Structures are given as structure tokens and as C-alpha cells.
Amino acid sequence: MGAIVEVKVPDIGDFKDVPVIELHVKPGDKVKPEDPLVTLESDKATMEVPAPAAGVIKEVRIKIGDTVSQGSVIALLESERAAGAAAALAPAALPSVAAPPAPVSAPGGVAEVRVPDIGEYKDVPVIEIHVQPGATVKPEDSLVTLESDKATMDVPSPLSGTVSALKVKVGDRVSEGSVLLLLATGAATPAGAAAAIATKTTAAAPARAAASSGAPANTAAIDEAGFAIAYAGPAVRRLARELRVDLGKIKGSGDKGRIVRADVEAFTKSGGAAAPAKAAAVAGGGGAGLDLLPWPKVDFAKFGPIDLQPLSRIKKISAANLHRNWVMIPHVTNHDEADITDLEVFRVQMNKEYEKAGVKVTMLAFMIKAAVATLQKFPDFNASLDGDNLVLKRYWHIGFAADTPNGLVVPVIRDADKKSVVAIVKEMSDLAKLARDGKLKPDQMQGGTFTISSLGGIGGTYFTPIINAPEVAIMGVCRSFWKQVSSDGKQYSSRLILPLSLSWDHRVIDGASAARFNSHFAALLSDMRRALM
């Protein structure tokens, strides 16, 4: 009989009193090393607690809804190891490394290199792997590249060492805390580490092969956009992939509608596995999940010469988000005009005064200040829906659409209410350059409460901007134009007009409020002194 080991919550950073949202085992279950035991969810990330060794679960000490912290006992495990070896389980566990520490090597051993804090992003695809087993790396060397719908991010090595094993491949999806690779550091010999890893990998290989052998048949039938936004933990997602189940079609029975393992198993037993017949609709990107006709299959070449141009990764990922926002948010767009004649004169004057300082004041900077003042007057526009509640935000972070070679991204000016027009201009310039160079960090595109999309440098008159969820409104502006205006129908004068297009979420905002918002915003641009009142 093996020794009884207390399985405790490992180091989970600064998180305390984290809720238990899912139990993956029950007394009597057999587990292997790294099998998930429970899932925890903080306000920032979902974390699985793995089994430290092979054995049998004798007792589960927690239940769904309990809160735990580092060191909390979650289960008793009868280990298959001898008593002496079992007692050493906790010290022998691999150290997790997230952010680069000051030293360049860990204590002698093998470290798990995990995805660091990448903000609110989850299930981010791995698009490139820069190392292979046996490669020697230094701190800050790039290990893998991730690409969300907003940015491309390199994950650097936190330590010096030799790559012992890769835990991901191109196409895998990862989140904060996901293990990317094993790194032999310090006194550990790469050969010894590799031998230990080879044993572990060999044991797991048949299971992976069995899971993957039948997967290709119905892979195309899964709506990847729906799968990505489904409320489920990593273990449930992994199970769904193995069973070829589309998570987007499952209604979760867990807390707050979370999809749990039992939901996936029940869905499979009811004959709900992905059906090849629906593949055509999914592949076309239209109709999937909406009970629409399949996307038409057309041989375009029979009508004339054609060229095939694959969509970039960022466009394919953005498409899923834009489609979700357009389908799930009841958009309405109000159009209006702002007289910016006097503001343009002032802007030109300011540019002359700041010319030596290298500052070029743009109309967008004034629009950001006008947006803050308007949002303060109409707080429902500076909000987000959370179930049956409206979250009114007491901060004003304004996003602006930036055109880059890879597509549009939305950097965010934080605390725009506390910054001058000149400070906003300088920050916009820095963020726009980072965006063009592909070096924007995730936190520089998060936390926005309202977005402005300006096509002023290109042209057009009016358009319908798509709301950037979870925001509830977005302002679109086009190129200004001169227009003959009269207040009495007798005397006319030429005024410089800026066309406005405000899209808003009809679940939160009504037409009268939107008209007042546009009117107030236009009035501020006509006379920015009003923003001081």
C-alpha cells in the first residue's frame, strides 16, 4: 500500500481565496502525473491544479464554490510510490517560472516555462516556435510567438538553460500559466533531464495517439469562433477536442453557465458530436450556428481567371470577433455633423506654436477630450453589460483605431480625462508607432471604455463602425468637408463640417440618448471651451 499524500494548492502567485469552479476527480479515481484534479478561477485567469504523482484519490477535501489559497489541502492521494519517495513529492515538483527573475538560472533541476501575464487574453494560438529540444537559451531569448486578434507576442526565456522538451506545437492554444516547455537549468544535466522526460512522454504517447487518430474526420465541423468564446476550462476544452464536440453548442450547468465535464459527456451521449454535414456552413464563415443556408460553393474559375490570396492570421482571428460583435450586439448607428471651423483654426495655430517641439496636434486628440467630457455627461455610454447588470466605469480610457500593415488595432489612451491635448498627441504618436512596428503590448490595447475610429485621413462621409465588445458604443468619423450653412435661410457662410457616425448597443442605450450624445459631442467640437464647464 502506498503512502497517503496531501495534495495542496501550489504557488499561484498573488492570488488568494480563489474559488473552486470544477472538480475533475472523486474518491476512488486513478490519476496519472499532471492529470487535472481541480480548476480554480480568479478574476484574471483559470488555473488547473495537477496531480503530483500517480495514485488513487482517497478523499476530496473541497467542493465547488469553496475558496482556496496557496497551501490549501485539496485532496488525499494514495501514491504508487514508496513512502520515502512520496514524502518528497512536494519538494521534487518542478518549479514554475512565469516572469524573468533577477538570477539567470534556477536551482539545479528542470523548470516549467509557462505563459506569463498576457492580460485578458485566453486560448491564444501558438503561431511559431523558435527553439527545439537540446537548444541552449539565455534570458530574454524568444521561445514561442503567440498571436491574438489584436497583437503578436513573443514569450521570452526567463532563465538560462537547455530546452529539454516542448509542451506545445504550432496551432495549439494557450493561456496565462500554460506550460510551454521544460528547461534544464543549473546543475541538471540535459541528458538526464531528457531521459526522464522521454520516459514520461513515452508513457503518455499512446493516449495522445489514440485521441488524435479519429480527430481529423469532423474537425472542420467545429465552429472555432463559438468554441473560442465558450465558458469552459482547459481540461473541458481538451476533452471536447478529443470527442469532437463543439463547445459553442453546449449550455453549461456549472456556476454562471460554465461548461463542465459532465455537460460534454452528456452532449456526446445525446448524439451531439460534431456532424460533417454542417462543415460547409462553417467553412464559409456564414450561417454557422444561426440556422441559415450553407455558404454557397462556387467554382469561380469557370467564369474567368482568379488568384487565391490566403487571409492573414490576424484577419482570420479578427473576423471571428467582429462577427460575434455584429451578431450578438443589436447595433444602431446615428449620424450627425460637427462644425469644426473654429477648432481647425485653433489647431493650425497650435501646430505653429509647437513646431519647434516636434509636436503635431491632430483633430483626433481634440475628439478624445470631447469624448471624455461627453461620456462624463452620459455615463451609460461608458459602461459594459455583465449579465443583468450594467457596469458603470468611473475611469475614461479611450481607444483609437490605428491602421497597420497587418490590419487595424486599437491602442488605448488610459486616463484621458487627466491628460492635456498635447500629452494625448504624444502618447498617440508613440502607440501608433508601436502598432505599425507590431510591438504593442497586450495591456496597451486593454481596458478601453469607448473607441473612436477615424477615417479622416482617407475619405468617405458616413459609415457604421462595429462596436468593440465589451464596450457599448463607438464613434466613427470621416474626412471633414466645406458646406454652405445658414441659420435663417437668407445668409450663408462656408463652414468646415466633420461627419459623425455613432454606433450604440440598443440593449443599453435608446435613440433619444444617442441623439443627445451626438449633439453634445458636436457642440464641444464646435467650441472646446464648453469642455471646461
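Figure 1. Met445 counts as buried, at 10% relative accessibility. The cut-off for that class is under 20%. The model shown here and in the views below is predicted. Met445 sits in the loop between H11 and S25. Its C-alpha lies 9.8 Å from that of Arg414, although 31 residues separate the two along the chain.

**Figure 2. The whole chain and its confidence.** The protein chain holds 12 helices and 28 strands. Of its 533 residues, 41% count as buried. The accessible surface comes to about 28,200 Å², and carbon and sulfur atoms supply 55% of that area. Take the contacts between residues at least 6 apart in sequence: 61% of them join residues at least 24 apart. The average pLDDT is 80, and 79% of the residues score at least 70. Two stretches call for care. Over residues 86-108 the pLDDT stays under 50, and the model has 46 contacts beyond four places in sequence for this stretch. Residues 187-220 also have a pLDDT below 50, with 22 contacts in the model beyond near neighbours in sequence.

**Figure 3. Strand S25 between S21 and S26.** S25 spans residues 450-454. Four of its five residues are buried, so the rest of the structure largely encloses this strand. Strand S21 (residues 398-400) pairs with S25 in the parallel sense, over three bridges. Here Gly399 stands opposite Thr451 of S25. S26 also pairs with S25 in the parallel sense, over four bridges. Ser454 has Val477 of S26 as its bridge partner.

Figure 4. Most peptide bonds are trans. Pro470 belongs to the loop between strand S25 (450-454) and strand S26 (473-477).

**Figure 5. Two aspartates with positive phi.** Most residues other than glycine have a negative phi. Asp17 has a positive phi of about 50 degrees. Asp17 lies in the loop between strand S1 (4-8) and strand S2 (18-23). Is Asp17 buried or exposed? Its relative accessibility is 54%, so Asp17 counts as exposed. Asp415 has a positive phi too, near 50 degrees. Asp415 lies in the loop between strand S24 (412-413) and helix H11 (421-436). With a relative accessible area of 27%, Asp415 is partly exposed.

**Figure 6. The nonpolar cores.** In soluble globular proteins, nonpolar side chains tend to be buried together. The largest nonpolar core here has 77 residues. Leu146, Met367, Phe450, Ile452, Met475, Leu502 and Leu525 touch the most other members. Helix H10 (residues 363-377) gives this core its largest share, 11 residues.

**Figure 7. Helix H9 and its packing partners.** H9 runs over residues 341-353, 13 residues in all. From first C-alpha to last, H9 reaches 19 Å, close to the 18 Å expected at 1.5 Å a residue. Which residues of H9 are buried? They are Thr341, Leu343, Arg347, Met350 and Asn351. In an α-helix, residues three or four places apart point the same way, because there are 3.6 residues a turn.

**Figure 8. An open antiparallel sheet of four strands.** The strand order is S1-S8-S6-S3, and the pairing is antiparallel. S1 and strand S3 (30-31) stand at the edges. Each has a single partner strand, so one side of each is left without a neighbour in the sheet. Strand S6 (residues 55-60) and strand S8 (residues 73-79) run antiparallel and are joined by five bridges. Val60 stands opposite Ala75 in S8. In a regular strand the side chains alternate between the two faces of the sheet.

Terms used: Residues are numbered from 1 along each chain as its sequence is written. Side-chain values use heavy atoms; hydrogens and water are left out. Buried means under 20% relative accessible area, exposed over 50%, partly exposed in between (1.4 Å probe, protein chains only). Two strands pair if DSSP finds at least two bridges between them. A nonpolar core is a set of buried Ala, Val, Leu, Ile, Met, Phe, Trp, Tyr and Cys residues joined through side-chain atoms within 4.5 Å. The expected span of a helix is 1.5 Å times one less than its number of residues. pLDDT is the predictor's confidence in each residue, from 0 to 100. Contact means heavy atoms within 4.5 Å. Accessible areas come from the Shrake-Rupley method with a 1.4 Å probe; for residues, only the protein chains shown count as cover.
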